[in-house]
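Work through these exercises with the model in view. Try each task before you read its solution.

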Amino acid sequence: MQSANNRVRIVNTQTLSDDWYLLKKYTFDFQRRDGSWQRLNREAYDHGDGAALLLYNRERQSVVLTRQFRLPAFVNGSDGMLIEVAAGLLEGEQPEERIRKEAEEETGYRIDKVEKVFEAWMSPGSVTEKLHLFVAEYQPADQVSPGGGLQEEGEDLEVLEMSFSEALQAMKAGTINDAKTIMLLQYAALNQLI
């Protein structure tokens, strides 16, 4: 198949919003598989790439997750309180560095060694974000603070330590319905980390 680099011509870019993150409208010509060209308009939301980390403990058969309010989930009909792995935007840092900082801010656990397991586009139809996904084993002695996130960033996270089987059941029941968290829990199950 031909590279998209030769099949896409950006005609116009318009900034629609530059408040919380950047929202742009793109007008572009796209060459279809039959060789014809079609003019399209799409909006893309750009807030940068991110990283996510599943903390697990083999001996305790447990994981550390957080519960926090997410406005988009709330306005789409849920109560907005999502159970998630530690995660955050890269903000110019390397994924491994950033996720260690995020894990400590959000969960209170200081982790030295993280293992990158894959990268994923989280919502490629409208968001530019590529997420770097990690796993790391934690020990109780790694907890250096209560966690909870940074108040100045509007974070108010509840730290949850739960059994791995409980987390899998919550995922099956729909209580855990955050994509990055589901992906990392499934990775842990498929690779028998716990």
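This is a predicted model: local features need pLDDT of at least 70, side-chain atom pairs count only at pLDDT 80 or more; totals for chains, interfaces and linings use all residues.

**Exercise 1. Describe the protein chain as a whole: its box, its surface and its buried share.**

Solution. Step one is the box. Along the principal axes, the C-alpha atoms fill roughly 60 × 40 × 35 Å. Step two is the surface. The accessible area is about 11400 Å², and carbon and sulfur atoms hold 45% of that. Step three is burial. The chain has 194 residues, and 39% of them count as buried. Step four is contacts. Take those with a separation of 6 or more: 56% join residues 24 or more positions apart.

**Exercise 2. Find the strand order of the open sheet of three strands, and say which strands stand at its edges.**

Solution. The order is E1-E2-E3, and the pairing is antiparallel. Now look for strands with a single partner: these are E1 (8–18) and E3 (37–46). They are the edges, so one side of each has no neighbour in the sheet. On average, neighbouring strands here are turned by 20 degrees against each other, direction ignored.

Next, take one pair. Strand E2 (residues 22–31) is joined to E3 by 10 bridges. Find Lys-25, then look across to E3: Glu-43 stands opposite. What holds such pairs together in general? Strands of a sheet pair through backbone hydrogen bonds.

**Exercise 3. Which residues does Asn-6 contact, leaving aside its neighbours within four places in sequence?**

Solution. First place Asn-6: it lies in the segment before E1. Its contacts are Gln-31 and Trp-37. Now compare sequence and space for one of them. Asn-6 and Gln-31 are 25 residues apart along the chain, yet their C-alpha atoms are separated by 8.3 Å.

**Exercise 4. Trace the partners of strand E5, and decide whether E5 is largely enclosed or left open.**

Solution. Go partner by partner.

- E4 (residues 50–57) is joined to E5 by three bridges and runs antiparallel to it. Asn-57 has Ser-62 as its bridge partner in E5.
- E10 (residues 158–163) is joined to E5 by six bridges, again antiparallel.
- E6 (residues 81–84) is joined to E5 by four bridges, also antiparallel.

Val-159 in E10 stands opposite Thr-66. Glu-84 in E6 stands opposite Thr-66 too.

Look also at the hairpin of E4 and E5. Four residues lie between its strands, and Gln-61 takes a positive phi near 60 degrees.

Now decide. Buried means under 20% relative accessible area. Six of the eight residues of E5 (residues 62–69) are buried, so the strand is largely enclosed by the rest of the structure.

**Exercise 5. Name the residues of the nonpolar surface patch, and say whether Val-75 is buried or exposed.**

Solution. List the members: Phe-69, Leu-71, Phe-74, Val-75 and Met-81. Together they make a patch of about 490 Å². Then ask which element gives the largest share: helix H1 (residues 71–75), with three residues. Val-75 has its place in H1. Finally, apply the cut-off: exposed means over 50% relative accessible area. Val-75 has 61% relative accessibility, so Val-75 counts as exposed.

Terms used
Residues are numbered from 1 along each chain as its sequence is written. Side-chain values use heavy atoms; hydrogens and water are left out. Patches are made of residues with over 30% relative accessible area and no salt bridge: like charges are joined within 9 Å, nonpolar side chains (Val, Leu, Ile, Met, Phe, Trp, Tyr) within 5 Å. Accessible areas come from the Shrake-Rupley method with a 1.4 Å probe; for residues, only the protein chains shown count as cover. A salt bridge is a side-chain nitrogen of Lys or Arg within 4 Å of a carboxyl oxygen of Asp or Glu. Helices (H or I, at least four residues) and strands (E, at least two) are DSSP runs, numbered from the N terminus. Buried means under 20% relative accessible area, exposed over 50%, partly exposed in between (1.4 Å probe, protein chains only). Two strands pair if DSSP finds at least two bridges between them. Axes are lines fitted to C-alpha atoms, for helices over the stretch in contact, and angles run from 0 to 180 degrees between N-to-C directions. Contact means heavy atoms within 4.5 Å.
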